[in-house]
Amino acid sequence: MTNDYEHYEAVVVGAGPGGAAAAASLANQGVETLVLERGVDAGSKNVSGGLIYAEESAPYTIDELFPDFREEASERPIDEYYIHNIAGNKVKTFDLNDIHHHDTEWCDSVLRRQMDSWLAERVHEKCKETGGGLLTGVRVNGLLRDGGEIVGVTCDELDPITADLIVAADGVNSELARDADLQNWDAPDEWFQGVKAVVDMESELVNERFGVDDNEGVAHLFSGDLFENVRGGGFLYTNDDTLSIGTVFHLDSIAEERAEPQQLLDNLLTHPLLDQWFQGDYEELEYSAKLVPDSKKVAHPSPHQGRLVLVGDAAGQMQAQGPIIKGMNHAVTAGGLVGEAFVEAKNRGETDLAGQLYEQKLETEGVMDQLRPTRYEATRAVSENDILNSFGQKVIGSVVGTAGLKVAGGLAEKAFNSPFVLGMIPDTRTSYVTIPTRIAEVLGTEIDAENDIEPPELDERIGDLTYNVDDPHIQLLDNSYEASGTAVTACPVSAEDFGGGCYRLETIKSNGSEEQVVSLDTQPCVECGTCAVVADTDWEHPPGEKGVEFKQG
């Protein structure tokens, strides 16, 4: 049966940096490669913070695979890196340039729509030379099997396609990874949720307010008490003529605190510290959200099955360890290694070995140790122990803790710049909330400013996005408050007091009793996948070119 289908040596699903790197690596070595992208254009479905790194130790970097990348596809070089510890209006800033430049050849800010579209054009040209190419508007919805063996992919818009290699670069909500049982959404503590606003600011104002030149940029991180006890923090990156400002939090913490993501973002946007950059002027161009895998827990140690290999977010390859936030560079490395592994396997006449060779290369090149540090695994049983953390929080808040901070404030800044320390930082409120807050309280300086900007309301943010609505792509399986009520607050386009988002809380009166239930409307969905983790849903992507379309990303 499968002999009747169109066949390619390699099919790459997804045209983000991981997919682009895999396609380029394959095509550069003469492999017939077809790339399938769900969006109306590459990047139209993608969101990131976003900084892309080129690490000195990495076997592949994006500018090696695409030589004009920095001049044509990125925004600004990011030369400076800071973290602001916040307690009320008190702030203590640490310089993170040591950790930022550690093993770093260069780092640029990017916007995904521009970057991915540029990459896609080059990928299409490379793949055409081998008999393939890139097709947009095609949703790959599953794996094609023959006798139980993976032999290709199935699509909404095309007949099935067979291939000797299938690269799943289809993002954090990878339907191929789930089809192969290589990924699931069972545990909220394995995921972060990122929410971002792209803010308009002319290049001259970026230069003036951030103290940079045209070919310079800066990154700022934020942590402390402004995020309502939710574990995580905020970021601000300078682009050419915009700012990327957002928050990233552990999803289980958002769920437990019943926090609303857009409000947490607004807490950052309206903090007095940001007045020095906004100066009363705020125009939001785009609001977006996505899930982010916590590589310490979900970076797959064996990201392959048969002919299928996973790269990037689909493989959980997102490094988020305190102020170390790196994902796209690891996706690029993984994509390059996939191409290398397949060609080696092909030269042996055993293409089915590509997945095993890819796994070996992730280990030998040190990628897995960055994503899943052994010291984190060795220490988490102690560092994330509830009793010890409760004791630690009391000590930090005590007279002894205050005196210790005053004496060792410089050591705290050094710890924030230590790759070794950050590689075992525990995922606790102590790390993300208590310590930064106490640092600010004890060592910080009062901010004497008023930030009087007014971020858009949630309905405005949703209304400003572009949608091509199709049939519902999410089904609510259990509408009880107990099973799915968390989605009302955790969904980044929903809120308890807002009736226009995806998830809404309703009270039904019957026979003198009341019952709270949840209703779903997928029209304003930003396809982040949050509800797949926190609610009882059947979740899949919309068909090609349908759903939300990001113009910035």
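Helices (H or I, at least four residues) and strands (E, at least two) are DSSP runs, numbered from the N terminus. This is a predicted model: local features need pLDDT of at least 70, side-chain atom pairs count only at pLDDT 80 or more, and totals for chains, interfaces and linings use all residues. Residues are numbered from 1 along each chain as its sequence is written, and side-chain values use heavy atoms, without hydrogens and water.

**Helices H12 and H13**

- The axes of H12 (residues 328-347) and H13 (residues 354-364) come within 8 Å and cross at roughly 135 degrees. Axes are lines fitted to C-alpha atoms over the stretch in contact, with angles from 0 to 180 degrees between N-to-C directions.
- H12 and H13 are therefore oblique to each other (under 35 degrees is roughly parallel, over 145 roughly antiparallel, 65 to 115 roughly perpendicular, the rest oblique).
- On the H12 side, the contact (heavy atoms within 4.5 Å) includes Leu-337 and Phe-342. Tyr-358 and Lys-361 are among the H13 residues.

**Strand E10**

- In E10 (residues 161-168), 7 of the 8 residues are buried, so the strand is largely enclosed by the rest of the structure. Buried means under 20% relative accessible area (1.4 Å probe, protein chains only).
- E1 (residues 6-13) pairs with E10 in the parallel sense over 7 bridges; pairing takes at least two DSSP bridges. Val-11 has Ile-166 of E10 as its bridge partner.
- E10 also pairs in the parallel sense with E17 (residues 308-310), over 3 bridges. Here Ile-166 stands opposite Leu-308.
- E9 (residues 149-155) runs antiparallel to E10, joined by 2 bridges. Gly-152 is partnered with Thr-162 of E10.
- A hairpin is formed by E9 and E10, with 5 residues between them.

Conventions
Buried < 20%, exposed > 50% of the residue type's maximum accessible area, 1.4 Å probe, protein only.
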